[in-house]
Amino acid sequence: MGTTASQLPKESLSEYQELTFLTKQEILLAHRRFTELLEGDERNHPNPRVPMDAILTLTELKSNPFKKRICQVFSTSENRDGSLTFEDFLDLLSAFSDSATLEIKSHYAFRIFDFDDDGTLDYGDLEKLVNCLTGETADTRLSSEEMRQLISNILDESDIDKDGTVNLSEFQHVISRSPDFVSSFKIVL
Amino acid sequence: MANGGSFNVNIYEEDYDYENLGESGPSQDPFQLFKEPACNVQGNPGDIQMEMFTKNSDTSDSESTSSSKESYNGCRLRSLQRNNWSAATRRVLSSMPSRKIGLHSSAGMAVRETCALPTHQTSSRVSLHIPRVTQDDITSPEFEEISTEDEANNLAGSGLWCTETNKEQLVSDLRGLSESEGLRKLRAMPLSLADKMEIRKHFFSPLAKNLVINRNFPCRNLPCMYLSRMWRHCRYAPRFSTSLKLWNSSMKKLSGRYGTGVLSYFTFLRTLLFINLLFFITTFLFLVLPQAIHPPPDSHGESFSWIEIFTGMGYLSRSLMFYGYYSNITIKTTSITSMVPYCIPTAYFFTITISFFIICIILVYSMSKSFGKSFQVFKSDGNLSENVFCSWDFKVTKKPSIRLQSEKISTQLKEQLSELASREEERTLMQRFRNFLVHVAAWFICLASIFFSALGVYFLSKTISKVLQNLDLLFMAAVVSGFNLLLPGIFNFCAWMEKHNSPCTRVYVSIFRNLLLKISLVIILCYHWLGKIAVEQDPQVSKCWENFVGQELYRLLLMDFIFTVLYTFLGEFVWRIFSQKILRKNRKPVFDIARNVLELIYGQTLTWLGVLFAPLLPAVQIAKLFVLFYMKKNSLMLNCQASKKPWRATHMTTAFITLLFFPSFLGAAVFVAYTVWKIKPSSGCGPFRNLTSTLESVKLWAERMKDHHQILSWLIRAYNAFTDNPIFLFMPSGLFL
């Protein structure tokens with residue numbers, strides 16, 4: 001753990017500070033947690049990539065129902081398998097940090113909720129979203145009738161151009177009305 | 001980058017077909033499109049206006065939100081221009097999002113790529129006034145400029161979303177801004193870090209790096225360079241808020257298990273601790289320390305017994321703790337003070353008033369910040385889409401808490417759905433009448449209980465006019481704290497009886513009742529102190545009435561603490577054991593956030609009321625808050641579970657800070673101001689003895705200073721003009737507000 005390869009070079013550190021919403025301490029802590037996830041030999045790799053399963057062992061993400069979507073959204077790998085490099089990891093933490101703007105948070109929230117990655121939230125996306133929110137147990141799940149009613153109400157309220165889906169602008173409009181969003185869309189290591 | 005690029009091109013090729021298809025759409029029915037926007041626009045025009053007028057430097061919403069729209073718009077624009085639409089048509093059509101899924105997907109994808117970002121002119125016109133979906137009928141005339149600047153917005157020139165020319169364009173536009181502006185903009189773009197670093201490399205070419213420094217700090221000599229480098233270093237130094245590192249890890253654990261609501265209570269506690277610390281440091285440095293170094297001649301060491309810690313009598317009453325100890329001398333003996341004599345009465349007066357003033361500024365500032373975050377403080381529960389999109393708290397990490405959160409959201413959604421379904425059913429007249437009666441009964445019970453408790457305290461204070469000994473002194477304080485403990489239980493029962501429409505209303509109503517109770521008790525006590533004790537100055541009660549009042553407040557604060565400990569122990573620990581072992585219920589008690597915060601505010605009010613009479617009271621409050629944190633935290637972890645009711649944390653925090661400022665701080669400030677202005681200090685003790693009012697000491701000091709120093713006499717003349725002419729008083733308060 002103490003090898004030079006696993007330490008963060010100074011120029012990179014200041015660059016990360018400039019380009020993300022994280023403070024120096026947060027970046028160093030992120031680096032430490034990230035290197036803990038790597039296997040021994042991977043640590044000397046110049047730009048290691050951690051598979052999704054390893055990322056999901058982090059306590060902050062372990063039980064989150066959106067954990068897989070979060071990894072997929074921030075992953076820059078070719079096959080979108082959810083594996084993260086350190087820079088992807090910093091992107092993730094930056095979007096979820098204290099000082100990230102509402103726009104960034106709402107943008108990434110939209111991408112996380114867009115389960116099929118088509119750029120809009122349609123019926124299927126919303127259904128999956130509500131199921132993630134309400135959990136797995138039988139008494140908290142919504143019945144199909146309730147689900148249908150809920151989604152039609154959501155679309156009534158937020159779908160302004162009436163195309164049957166919620167796009168990014170409509171989503172951000174809804175988010176902007178809720179002051180709690182910024183404080184709840186946070187993950188801190 | 002290469003990976004992203006190839007992927008992107010694939011997506012775009014599909015979209016290009018859709019876009020061509022889409023062209024035919026508008027040409028067919030422009031009128032329909034004109035009609036539709038009118039009925040589609042919902043939401044608050046207020047919000048929209050606000051978004052339109054946010055400053056560009058304020059990492060405006062345009063980057064991410066309209067980036068997709070602009071990239072799409074640029075492309076759309078070419079197609080529209082080819083058709084020679086009128087400006088108005090173009091405006092409306094271009095602001096309508098596509099009805100084809102494909103275009104949206106490309107818009108969503110394209111945002112991720114650097115090159116799809118629109119150009120940002122230094123003038124805010126372009127980025128700000130891109131109309132959003134909801135602004136179809138509020139489109140700004142600036143949209144015309146976009147069409148004229150179409151060449152600059154040449155995103156779809158070659159028909160591809162992603163080209164090198166676009167990236168260069170973006171970079172060149174960023175270059176138009178100053179370094180900090182550009183970086184801030186770049187930071188706020190929803191791109192991957194690799195893309196941002198590449199843009200940054202273009203933005204800051206190695207050559208430009210030196211230019212950048214010189215551009216901002218145009219000085220070439222060495223000290224200047226060091227200064228500028230240090231300034232940049234400071235900017236990246238840990239921000240002030242993260243330097244409040246006290247208890248960070250505990251609070252993270254708490255929020256992981258209990259969510260944002262409970263966290264707001266502990267954050268509030270920490271804020272109060274820092275406010276008290278600030279107060280304490282000022283009074284300690286300027287008041288306590290000088291007096292401690294020069295003890296008054298008539299103080300003797302007295303015998304000390306443990307009871308005195310609780311009653312504040314005896315040894316403590318003749319110590320630095322209370323007003324009576326402070327003398328009215330001017331210190332001239334040490335080397336520094338022989339040149340500038342340190343006058344203790346003046347120091348006393350100014351320290352207290354200036355500390356109050358500083359705290360006032362801090363509270364107003366945090367209140368305005370809080371209001372800015374939640375400008376719809378009294379809005380009701382919110383609609384379904386808000387609940388679905390915004391209610392998941394990502395900070396919660398423990399599995400059982402996540403399960404609880406899912407339960408909470410599920411219950412909330414189901415309740416709202418059933419409420420929507422049943423909204424059509426009118427409640428019968430009998431039902432409504434019965435509800436009304438229940439409300440009236442509940443309010444009657446609450447107000448009656450408040451009235452009787454206030455009356456009880458009033459009579460008790462009147463009968464305790466003879467000198468009491470030892471623990472009997474604590475009786476009054478115990479009664480007040482007892483009322484504060486028991487009556488909210490009655491209020492909770494009433495609230496349970498009433499069955500309000502929404503949990504939000506219920507919380508507000510119970511907070512209001514609790515607040516009313518505490519305010520009435522405090523007012524009765526203040527009236528008793530200022531109206532009776534201070535005016536009559538009965539030597540039987542005390543030779544030094546300020547000491548008496550200070551001791552009363554000290555006892556109240558201590559009793560409040562003891563009762564809180566008792567409540568935590570009995571109400572949470574014993575109740576949990578009782579309900580689990582005897583009642584065999586699996587549910588632990590819930591942490592009542594509103595009640596606990598009001599307790600904190602009450603304690604803080606007492607501290608502020610008492611600081612004039614007992615300068616070390618903030619230290620007592622600090623110790624109390626410190627112990628309270630650990631006690632509440634441990635009790636929470638052991639005994640309580642997270643609440644099942646939704647708690648709108650931001651609204652509540654705003655409400656609490658407002659409550660801290662408005663009845664609590666302002667009330668204490670009025671009390672202190674009235675004492676200082678009108679009440680005659682006692683003649684036997686304290687720094688203001690033998691004066692008709694506290695203010696007089698300042699006037700005397702000013703007179704003395706006028707003879708000695710020129711500058712000060714100037715100041716004093718200005719001050720006199722200031723206070724004599726009421727207009728001058730209104731001006732700064734007007735400015736301030």
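In which hand, left or right, does H8(A) pass H9(A)? In this predicted model, local features need pLDDT of at least 70 and side-chain atom pairs count only at pLDDT 80 or more, while totals for chains, interfaces and linings use all residues. Residues are numbered from 1 along each chain as its sequence is written, chains are lettered from A and ligands numbered from 1 in the order in which they are written, and side-chain values use heavy atoms, with hydrogens and water left out.

The crossing of H8(A) over H9(A) is right-handed, the near helix being turned clockwise from the far one by less than a right angle. Helix H8 (residues 123-134) and helix H9 (residues 144-158) of chain A pack at about 115 degrees with their axes 10 Å apart, where axes are lines fitted to C-alpha atoms over the stretch in contact and angles run from 0 to 180 degrees between N-to-C directions. Helices are DSSP runs (H or I, at least four residues) numbered from the N terminus. In the contact (heavy atoms within 4.5 Å), H8(A) residues including A:Leu126 and A:Val130 meet H9(A) residues including A:Ile151 and A:Leu155; by class, eight residues are nonpolar, one is polar and two are charged.

The axes of helix H5 (residues 67-74) and helix H7 (residues 102-113) of chain A come within 9 Å and cross at roughly 115 degrees, again in a right-handed sense. A:Arg69, A:Ile70, A:Val73 and A:Phe74 of H5(A) make this contact with A:Tyr108, A:Arg111 and A:Ile112 of H7(A).

H25(B) gives the most to its lining, with four residues. Domain 1 (258-379 + 586-690) and domain 2 (427-541) of chain B, with bounds from an automatic or database domain assignment, both give residues to this lining, so the second largest cavity lies between them.

Key: Helix = DSSP H or I, 4+ residues; strand = E, 2+ residues; numbered from the N terminus. Nonpolar A, V, L, I, M, F, W, Y, C, P; charged D, E, K, R; others polar.
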